[in-house]
Amino acid sequence: DVCFAKTSPPMRQPTTDSLQTLWTGLRGRDTASLSQLYRLTYDDLINFGLYFGHTADEAKDSINQLYAELWERADSLPAVGNVRSYLITGLRRKLL
C-alpha cells in the first residue's frame, strides 16, 4: 500500500476588507482579531524583515514588539486605509 501525505491547500492572501475588519476589531480590543491579524500578516512581515537584511530572530522580535505595542495602544489606534502598509511601516521603524 502506498500512503500519500495530505497537504493543506495554499494559504490565501488576506483581502484588504478582511484586514480592515480585523483592524477594527483590534481597535475595539478584540483578542481574536489581534490573533487572526497576527497570523495573516506574520509571513509577510517576516519576509519584509529578511528582504532588508535582518535575521529571522530580529524580524520575529520586532514583529512581536510591534503587535504588543499595537495591543497596548489599541484604544488610540487610528483608522487606516491600508493595514498592510501600516504594519510594514511600523516594522520598518522597529528594525531601524
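Which residue caps the N-terminal end of H4? I looked this up first in the predicted model. Asn82 is the cap, with a side-chain oxygen 3.2 Å from the backbone nitrogen of Arg84.

**Helix H4.** I took the extent of H4 next: the helix covers residues 83–95, 13 residues in total. I get 18 Å from the first C-alpha to the last, close to the 18 Å expected at 1.5 Å a residue. I then listed the buried residues of H4 and found Val83, Leu87, Ile88, Gly90, Leu91 and Leu95. Viewed down the axis of H4, these buried residues fall within an arc of 160 degrees, so they line one face of the helix. For partners, I find that the buried residues of H4 pack against H1 (16–27), H2 and H3 (56–72).

**Thr41.** I placed Thr41 in helix H2, which runs over residues 31–51. Is Thr41 buried or exposed? Thr41 counts as buried because its relative accessibility is 5%, and the cut-off for buried is under 20%. Leaving out residues up to four places away in sequence, I find Thr41 touching Leu19, Tyr67 and Leu87. Leu87 is also among the buried residues of H4.

**Whole chain.** I counted four helices and zero strands, in the order α-α-α-α along the sequence. Of the 96 residues, 31% count as buried. The chain exposes about 6600 Å², and carbon and sulfur atoms supply 53% of that area. Among contacts with a separation of 6 or more, I find that 66% join residues 24 or more positions apart.

Definitions and conventions:
Residues numbered from 1 in each chain as written. Predicted model: local features only at pLDDT ≥ 70, side-chain atom pairs only at ≥ 80, totals over all residues. Heavy atoms only, no water. Helix = DSSP H or I, 4+ residues; strand = E, 2+ residues; numbered from the N terminus. Buried < 20%, exposed > 50% of the residue type's maximum accessible area, 1.4 Å probe, protein only. Contact = heavy atoms within 4.5 Å. Areas by Shrake-Rupley, 256 points an atom, 1.4 Å probe, with all protein chains shown as cover. Expected span 1.5 Å × (residues − 1). Arc of directions from axis to C-beta. Polar contact = N/O pair within 3.5 Å; in protein donor to acceptor, adjacent residues only side chain to side chain.
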